[in-house]
Amino acid sequence: MIASLLAGFTSSLALIVAIGSQNAFVLRQGLRREHVLAVVVTCALSDALLITVGVAGLGTAVTAQPGLLPAIRWGGAAFLFGYAVLAARRALRPAALAPAAGPGSTLRATMLACLAFTFLNPHVYLDTVLLLGGLAGQHDSRWLFAAGAAAASAVWFTGLGAGARRLAPLLARPVTWRILDGVIAVTMAAIATGLLLA
């Protein structure tokens with residue numbers, strides 16, 4: 001039982017630690033100190049929901065529909081390319097780079113963006129629904145595996161959102177934001193390209 005819980009925790013953590021659009025969004029919100037708790041809770045609960053759906057068997061059903069995966073991949077790539085363009089524009093316009101500059105986003109706008117980064121990202125489905133769902137099936141206590149995987153997601157997003165505040169002094173300079181947004185733009189474009197070439 002404990003082995004299944006730990007396997008779920010470590011498997012999930014290994015998948016979500018990689019830099020991706022959802023992590024970049026949580027980091028940016030943490031640095032801006034804007035709706036961080038709501039973003040962290042939304043990401044953690046969304047992952048828990050997707051992990052539960054995957055463990056319950058949706059991953060097997062999705063792989064049985066060959067036309068669905070390309071649609072998810074192309075839609076996700078378009079979304080990621082769009083975000084890459086927005087990040088590149090922020091990197092090229094220093095006036096928009098300071099985390100506290102300008103009016104903040106409303107909670108509604110932030111939650112919509114958070115849900116988009118979660119549910120329009122094909123990697124989320126591949127990681128949580130398909131891969132973790134498949135791995136859970138290899139354990140006698142698959143729901144403990146799912147609980148461990150969901151716990152890892154909650155720990156990661158909490159650490160990312162709260163830890164970003166400690167980076168605030170370093171990232172208070174516009175040049176640092178320019179570099180961060182540049183890296184985000186390149187990362188998002190690379191992930192989108194990888195999806196299209198897969």
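Which side chains meet in a salt bridge? In this predicted model, they are those of E34 and R32, with a distance of 3.5 Å from N to O. The structure holds one salt bridge. Side chains of opposite charge can pair when their charged atoms come close. E34 has a relative accessibility of 10% and therefore counts as buried. R32 also counts as buried, because its relative accessibility is 18%; the limit for that class is under 20%.

The residues around this pair may be considered next. R33 lies in the loop between α2 and α3, and H35 is likewise placed in the loop between α2 and α3. R33 is not a glycine, although its phi is positive, at about 55 degrees. H35, which is not a glycine either, has a positive phi of about 55 degrees. H35 has a relative accessibility of 27%, so it counts as partly exposed.

The protein chain contains eight helices and zero strands, and its pattern, read along the sequence, is α-α-α-α-α-α-α-α. The chain has 198 residues, of which 41% count as buried. Where contacts link residues at least 6 apart in sequence, 88% of them join residues at least 24 apart.

V26 illustrates how parts of the chain are brought together: apart from its neighbours within four places in sequence, V26 is in contact with V39, V40, C43, F157, L160 and G161.

Helix packing can be followed through one pair. Two packed helices are described by the angle between their axes and the distance between the axes. Helix α6 (residues 122-136) packs against helix α7 (residues 142-163) at an angle of about 140 degrees, and the axes are 9 Å apart. The arrangement of α6 relative to α7 is therefore oblique, because roughly antiparallel applies to angles over 145 degrees. On the α6 side, the contact is made by L132, L135 and A136, and on the α7 side by R142, F145 and A149. Classified by residue type, the contact of α6 with α7 has five nonpolar, no polar and one charged residues.

T42 is found in helix α3 (residues 36-63). What is the relative accessibility at which T42 counts as buried? The value is 15%, so T42 belongs to the buried class. With residues up to four places away in sequence left out, T42 touches M111, C114 and L115.

F119 lies in helix α5 and counts as partly exposed, because its relative accessibility is 26%. Its contacts, leaving aside neighbours within four places in sequence, are with S46, L50 and Y125. F119 and Q22 are 97 residues apart along the chain, and their C-alpha atoms are separated by 9.6 Å.

A190 counts as partly exposed, because its relative accessibility is 47%. How far apart along the chain are A190 and F81? They are 109 residues apart along the chain, whereas their C-alpha atoms are separated by 8.9 Å.

Methods:
Residues are numbered from 1 along each chain as its sequence is written. This is a predicted model: local features need pLDDT of at least 70, side-chain atom pairs count only at pLDDT 80 or more; totals for chains, interfaces and linings use all residues. Side-chain values use heavy atoms; hydrogens and water are left out. A salt bridge is a side-chain nitrogen of Lys or Arg within 4 Å of a carboxyl oxygen of Asp or Glu. Buried means under 20% relative accessible area, exposed over 50%, partly exposed in between (1.4 Å probe, protein chains only). Axes are lines fitted to C-alpha atoms, for helices over the stretch in contact, and angles run from 0 to 180 degrees between N-to-C directions. Helices (H or I, at least four residues) and strands (E, at least two) are DSSP runs, numbered from the N terminus. Angles under 35 degrees count as roughly parallel, over 145 as roughly antiparallel, 65 to 115 as roughly perpendicular and the rest as oblique. Contact means heavy atoms within 4.5 Å. Ala, Val, Leu, Ile, Met, Phe, Trp, Tyr, Cys and Pro count as nonpolar, Asp, Glu, Lys and Arg as charged, and the others, Gly among them, as polar.
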